[in-house]
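I opened the notebook today to get to know this fold, one look-up at a time. Here is what I went through, in the order I did it.

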Amino acid sequence: MLTRESRLTSSQLFSWAVRTGRRAGTSTLVLHLAVPSTETAGRRPQVGFVVSKAVGPAVTRNLVKRRLRHLARERLSSLPGSGVLVVRALPPAATASYAVLGDDFDRALDRLERRSQTGGGR
RNA sequence: UGAGCUGGCCGGGCGACCGCGUGGGGCGCGAGCUCCCCGAGGAAGGUCCGGGCUCCACAGGGCAAGGUGGUGGGUAACUCCCACCCGGGGUGACCCGCGGGACAGUGCCACAGAAAGCAGACCGCCGCUCGCGCCUCACGGCGGGAGCGGUAAGGGUGAAACGGUGGUGUAAGAGACCACCAGCGUGCCGGGCGACCGGGACGGCUAGGUAAACCCCACCUGGAGCAAGGUCAAGAAGGAGGACGCCGCGAGGUGUCCUUCGCGCGGACGUUCGAGGGCUGCCCGCCCGAGUUCGCGGGUAGACCGCCAGAGGCUGUCGGUGACGGCAGCCCUAGAUGGAUGGUCGCCGACCGUGGUGCCGCGAGGCCCACGGGGACAGAACCCGGCCUACAGGCCAGCUCAUCCG
RNA sequence: UGGGGUAUGGGGUAAUUGGCAGCCCGACUGGUUCUGGUCCAGUUAGUCUAGGUUCGAGUCCUAGUACCCCAG
């Protein structure tokens with residue numbers, strides 16, 4: 001679970017991260033990561049989730065969200081200081097196990113970090 | 001023992017590690033840290049009804065529109081619930097029913113059939129009159145036709161055909177008359193608060209269906225919905241849409257042009273006689289300079305309230321056939337807002353499947369052992385009462401039918 | 001949260017007041033052709049589900065299911 005502080009609660013930041021952030025996808029997840037160019041104070045990273053109705057009914061959507069929040073909490077330290085991460089779940093995430101979701105999360109996060117080190121992004 | 005009917009209840013358990021939200025306590029200047037309590041459902045679901053609550057509207061009445069529809073009760077209210085009545089189904093326990101009005105009016109009843117609604121008559125039956133043919137010496141008889149009239153018994157159609165059965169009667173027939181039965185109307189007696197039920201009397205002999213067709217009658221309904229509504233409260237930067245061009249595989253980015261929004265009202269001062277701003281906290285001075293500033297209202301991003309103690313739950317008792325109500329005692333039992341109530345793992349476990357040269361049994365099957373799988377439907381979003389829908393598996397109580405034993 | 005609409009063979013669509021469920025494309029079979037296509041003839045299969053009103057329901061009523069749309 002995530003504390004209130006680490007949650008992304010502003011819809012403006014949500015659309016900002018999805019629009020301008022770098023993207024990496026797997027079969028179950030798509031991650032958007034945006035880092036402010038100027039250091040807007042040393043805030044902690046924030047994580048938000050998007051689980052649409054295509055994933056399933058409310059019970060499975062909530063289950064996917066809870067699993068993702070736990071996964072994100074364990075990986076908070078590897079995010080850049082003031083980064084904004086949006087995790088979007090795809091329909092296969094409904095049937096994926098916790099371990100599979102964790103692997104996909106790690107792979108996508110790894111790809112995002114590598115791209116930022118090689119000076120990617122716009 | 002088997003098959004069923006009705007009502008009620010449960011709907012995984014234990015543990016370890018790591019977490020989240022409301023509230024409370026402690027520490028800390030503070031950010032925060034730490035401890036404790038509590039933390040999804042019977043449907044939280046669909047959003048089909050009814051209410052509370054909030055804002056708007058409203059003298060009163062009527063029309064329109066929508067809804068409800070046996071009777072009596074319960075309730076804050078209901079299209080809900082209870083009891084009863086009526087009709088239908090079942091051997092039965094029991095179940096089902098939008099169940100007012102068809103002499104207030106209008107409409108419809110396809111096909112078939114003579115005729116489908118109020119009266120009429122196709123075939124037929126019967127009588128009378130007039131021809132014709134045949135038989136007979138004749139009287140007369142038989143057959144068939146036309147016209148006039150009497151009938152509705154029989155025929156056949158249909159979902160439905162103008163009461164049914166039997167008799168008297170007749171030229172043939174007919175409620176024309178009689179008996180019984182069904183049904184209608186009027187008034188009476190008895191029972192019931194009532195819907196209605198039972199009984200007998202009289203009348204007329206008979207009246208079709210459809211209102212989930214229009215309609216009539218009685219009753220009910222002001223509108224919106226917690227994104228209701230309220231409090232606090234930035235910024236003037238730009239935002240939205242469209243057309244065209246460039247870049248990009250694309251998502252998109254960027255440029256030009258057009259449209260629109262960037263609030264309303266009022267006051268004061270000011271536009272070269274300088275409001276206001278900057279240097280600079282003040283004065284002088286210098287520079288920029290056409291709007292500046294104040295009040296009231298409105299309230300976008302955002303924050304907070306509404307927001308969880310309530311038609312509340314449990315137990316007992318009393319009243320009532322029951323729904324339910326009265327009284328007493330005890331309890332506090334989710335309040336999130338990109339949305340908490342959990343994640344991972346282990347053990348147990350109903351239950352299911354497979355196997356066994358195991359045990360019991362005539363058998364169906366039961367028990368035991370091993371292995372594998374392993375909980376259904378489903379997540380509060382202002383609250384409550386119902387309805388409807390989904391649901392693996394299991395428990396309890398009462399009752400019915402069949403069979404066997406005593 | 002509030003409101004509206006649709007459902008007819010495999011696909012797309014008709015059905016006047018309730019009165020025999022049609023049409024096009026497709027699929028299949030046969031014929032024509034040396035073969036395929038074209039063409040001709042024929043066959044297949046349907047009113048979303050359940051219940052009700054009615055003599056009779058695609059149509060009317062009630063409940064449900066699925067999908068779509070609109071406003072905030």
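**Order of elements.** I read along the sequence of chain A and noted the pattern α-β-β-β-α-β-α. That gives 3 helices and 4 strands in chain A. I keep in mind that this is a predicted model.

**Overall numbers.** I looked up burial for chain A: buried residues make up 26% of its 122 residues. Then I turned to contacts with a separation of 6 or more, and 81% of them in chain A join residues 24 or more positions apart.

**The sheet.** In what order do the strands of the open sheet lie? I found E1-E2-E4-E3, an open sheet of 4 strands with mixed pairing. Strand E1 (22–25) and E3 are the edge strands, each pairing on one side only. From one strand to the next, the twist averages 15°. I also checked what packs on the sheet: H2 does, touching E3 and E4, and its direction makes about 155° with that of E3.

**Pairing, strand by strand.** I took E4 (residues 84–89) as my reference. Strand E2 (residues 29–34) pairs with E4 in the antiparallel sense, over 6 bridges. Within that pairing, I noted that valine 30 has arginine 88 of E4 as its bridge partner, and that leucine 33 stands opposite leucine 85 in E4. Strand E3 (residues 46–51) runs parallel to E4, and 6 bridges join the two. There, the bridge partner of valine 47 in E4 is leucine 85.

**Covered strands.** How many residues of E4 are buried? I counted 5 of the 6, so I call E4 mostly covered. My next stop was E3, which is largely enclosed by the rest of the structure because 5 of its 6 residues are buried.

**The nonpolar core.** I looked up the largest nonpolar core and found 24 residues in it. Leu29, Leu31, Leu85, Val87, Ala89 and Ala93 touch the most other members. The elements giving two or more residues to this core are E2, E3, helix H2 (58–74), E4 and helix H3 (98–117).

**A closer look at Ala93.** Which residues does alanine 93 touch, not counting those up to four places away in sequence? My list reads Thr28, Leu29, Val55, Val64 and Leu101.

**Aspartate 110.** Is aspartate 110 buried or exposed? It counts as exposed, because it has 12 C-beta neighbours inside 10 Å, and 12 or fewer is the cut-off for that label. I also checked aspartate 110 against alanine 24: the two are 86 residues apart in sequence, yet 9.2 Å apart in space, C-alpha to C-alpha.

Notes:
Residues numbered from 1 in each chain as written. Chains lettered and ligands numbered in written order. Predicted model: local features only at pLDDT ≥ 70, side-chain atom pairs only at ≥ 80, totals over all residues. Buried ≥ 20, exposed ≤ 12 C-beta atoms within 10 Å, placed from the backbone. Contact = placed C-beta atoms within 7 Å. Pairing = 2+ DSSP bridges. Core = buried A, V, L, I, M, F, W, Y, C linked by C-beta atoms within 7 Å. Axes fitted to C-alpha atoms, helices over the stretch in contact; angles between N-to-C directions.
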